[in-house]
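Hi! Here's the structure I promised to pass on to you. Have a look at it first, and then read my notes below.

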Amino acid sequence: MLKLERRKEPSKFMLYVTPFVAVVLTMLAGLLLFLLLGKAPVQAITLIYFTPLTSIFSLTELAVKATPLILIAIGLSFGFRAGIWNIGAEGQFIMGAVCGGAVALALYEVQGIWVLPLMCVAGIIGGMLWAAIPAYLRIRFNANEILVSLMLVYVATLLLSILVHGVLRDPDGHNFPESRLFHDSATLPILIENTRAHLGIIVTLVVVVIAWVFVQRHIIGFQIKALGDAPRAAKFAGFSENRIIWLCFLTSGALAGLAGLFEAAGPVGQLVPALPVGYGFTAIIVAFLGRLNPIGIFLGGLLMALTYIGGEGAQIAMSLPSATTSVFQGMLLFFLLATDILINFRFRWISKKPDSLEPAPVSLQQAE
Amino acid sequence: MKRLFGMIWVLGALALLAAPLVSTPAYAQKTKVGFVYVGPIGDHGWSYQHHQGLLELKKAFGDKVETTHVENVSEGPDAERVIQQLAQAGHNIIFTTSFGYMNPTLKVAKRFPNVKFEHSTGFKRSKNVSTYNIRFYEGRYVAGIVAGKMSKSNTIGYIASFPIPEVVMGINAAYLGAKSVNPDVKFKIVWVSTWFDPGKEADAAKALSDQGADVLFQHTDSPAAMKLAEQKNISAIGQASDMKAFGPNAQLTALVNNWGPYYVSRVKAAMDGSWKSTDTWGGIGQNMLNIAAWGSKVPADVAKLAEKARDDIASGKLHPFTGPLKKQDGSDFLKAGEVISDKDLSGMNFYVQGIDGKLPK
């Protein structure tokens, strides 16, 4: 008989292994799905998971797509560790793009090497200010930061819409709601010619390393963890909860804002109403997929990006419906959550004994 | 027992892995045509209708063409990658079918000078990028006549998406059509800030019906408003494709986008080498916009009136925007007998006189 048994302590091994198990299970389920759909299953899985890794173009696209996901998820992971829930990274992403983009448009006539750094600063400040609202309301009025940050996403989306319909609209654009294209010195330098791989990718790598050092080595990294794991103990130890709330919100706001600016000044090159495509929400998944660990988030972001790009490739090559991508992402999460049970529990084979008439609760106790 | 299950699992997995790999046969000199859709094909509106064009293309050329389509491509950062992937995969001509694909299309086109691009509803062209669009306003004027005649409450509801010229000219044309047959007609307009969101569209339709509107127009892509009109026993005008299936009693008519003939002619041009970058803006007269069969509610005299307008527009005898015409604020726009220029039309950002409410900016 198969028994589920509680572990004495959570398994470190399983904590890191289950994401990979989830990926493999997703592939197997995918094979079954494609078989039922009457599509060549192996070819479909290959197209989604492996083909994007075989050309320079799709590899760069993978990096372009993963960049905002990783940046935002790293920012969010600090708060999530401390039990502070910033759900509104999408809004902070938009505000970063708006503020940085506004600088680019204000300096439309001006070229200069300092334009881009200025835009980055504006983007970071934009994201931070937007994140400061839920942080302040939480501290001052104990308002629920989940609701406040989430609601502010809609405000930011509409604000972007108002601006590109109004003051930031391209004067030569037939009244269509989009800004001018940013000029060259307001656009992120391209790393590899004829691709969209931009400087933001390098910055993201640096952020991953810094975040990793911070979490592992810095006292504040420890305080954040302590606040999440044992809030009362953290308070007794004299850690200021308010300070951590500010820190977490401002960090995630800054990184989300930077991601937004990178998106506007990189792949898109202008402000458009369709700029936000849900990275702020997908990044929440990436953060948990990566176990709130910077290196894990880096891998999780790449995996998530892979499913997007592979899904498109499968659409082009095999006319699979676009819902394939969503189904795969959904399955991945489902399997991750399902296999997470292995962290705290383990399976054990218990051979049927003759005296198995014994009441079940007792055997459970024994197992513990 | 568990052993047995284990065996089944292993065998199943092996069977899956061993499933035959369908290899792509080599195509000899086929023209590869790519399409990028903003919505799902199943929206029964905008993207659905483009897909009908793709199917027509297949019918016309048989195995001389190979078509590919990618649906649900957002107008943000993903569009450029999808277009580039299609170009890299060896497509000879690529149709990008939403306004937001304009700059991405141009960027990719620069990198692939030998691939031909066709962008729908935009205004920027280059040596290998054409633009094409339909004069939807012509159909809205005709539908406006039907709506103005059929409304008992003299209130017509309009579900609008974004305040861009395309949508604004549609509202104005529908109003002018309705006004031409019913001087008391009023328009109520709801902006939903989306092209496709059945939930929001249905909410807007309900709000309009609650405010007394008994004919609904929409400039969004799903049949949600049509369904609601059917439920509420009021009328509606189908958008982009014939929505009769969703409102057998409600639909007065529908404005059907007919992209097929254009796609056939452009792919043909790409095949025989006569393709050039062009700007096409065709309407009823060019068979790019069709008016669906009148609904059962529409009496013969109303149908006759609308058909006359339809035929006059097709022949060029009538233009929906002909002076005298004033803007909403009362300032002069067109002198008596003056016909609007295409340039003014494609940048239209004001309501004509008689429409209430403020145009969002």
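**A helix in chain A**

The buried residues of α6(A) pack against α4 (89-106) and α5 (115-141) of chain A. Two terms there need explaining: helices (H or I, at least four residues) and strands (E, at least two) are DSSP runs, numbered from the N terminus. A residue counts as buried if 20 or more other C-beta atoms lie within 10 Å of its own, exposed if 12 or fewer, and partly exposed in between, with C-beta atoms placed from the backbone.

Before going on, please keep in mind that this is a predicted model, where local features need pLDDT of at least 70, side-chain atom pairs count only at pLDDT 80 or more, and totals for chains, interfaces and linings use all residues. Residues are numbered from 1 along each chain as its sequence is written, while chains are lettered from A and ligands numbered from 1 in the order in which they are written.

Back to α6(A): which of its residues are buried? They are A:Glu145, A:Ser149, A:Leu152, A:Val153, A:Ala156, A:Leu160, A:Val164 and A:His165. An α-helix has 3.6 residues a turn, so residues three or four places apart point the same way. With 21 residues, α6(A) reaches 30 Å from its first C-alpha to its last. That is close to the expected 30 Å at 1.5 Å a residue (the expected span is 1.5 Å times one less than the number of residues).

**More on chain A**

Phi of A:Asn194 is near 65°, which is positive although the residue is not glycine. A:Asn194 is exposed, with 12 other C-beta atoms within 10 Å.

A:Met1 sits in the segment before β1 (2-6) of chain A, and A:Met1 is exposed too, with 11 other C-beta atoms within 10 Å.

How confident is the predictor? The mean pLDDT of chain A (pLDDT is the predictor's confidence in each residue, from 0 to 100) is 87, and 95% of its residues reach 70 or more. Over residues 362-368 of chain A, though, the pLDDT is below 50.

**Where the chains meet**

The contact takes 33 residues from chain A and 37 residues from chain B; two residues are in contact if their C-beta atoms, placed from the backbone, lie within 7 Å. On the chain A side, several helices each supply at least two residues, including α1 (12-37), α3 (56-82) and our friend α6. By class, that side of chain A has 18 nonpolar, eleven polar and four charged residues. Ala, Val, Leu, Ile, Met, Phe, Trp, Tyr, Cys and Pro count as nonpolar, Asp, Glu, Lys and Arg as charged, and the others, Gly among them, as polar.

**Chain B**

Chain B has eleven helices and 14 strands, and 50% of its 361 residues are buried. Its C-alpha trace spans about 75 × 60 × 40 Å along the principal axes.

The chain is divided into domain 1 (31-134) and domain 2 (136-256 + 291-346), with bounds from an automatic or database domain assignment. The C-alpha centres of these two domains of chain B lie 28 Å apart. Eleven residues of domain 1 touch twelve residues of domain 2. Helix α2 (residues 46-61) of chain B gives three residues to the domain 1 side, the largest share.

The largest nonpolar core has 102 residues, and B:Ala147, B:Ile159, B:Ile171 and B:Leu216 have the most contacts inside it. (A nonpolar core is a set of buried Ala, Val, Leu, Ile, Met, Phe, Trp, Tyr and Cys residues joined through C-beta atoms within 7 Å.) Why does this core lie between the two domains of chain B? Because domain 1 and domain 2 both give residues to it. Apart from it lies another core, of 99 residues, among them A:Phe34 and A:Leu261.

Two backbone details to finish. B:Ala240, in strand β9 (residues 235-240) of chain B, has a positive phi near 70° without being glycine, and B:Ala240 is buried, with 25 other C-beta atoms within 10 Å. A cis peptide bond joins B:Gly323 and B:Pro324, with omega about 5°; B:Pro324 lies in the loop between α10 (300-315) and β13 (325-326) of chain B.

How values were computed
Core = buried A, V, L, I, M, F, W, Y, C linked by C-beta atoms within 7 Å.
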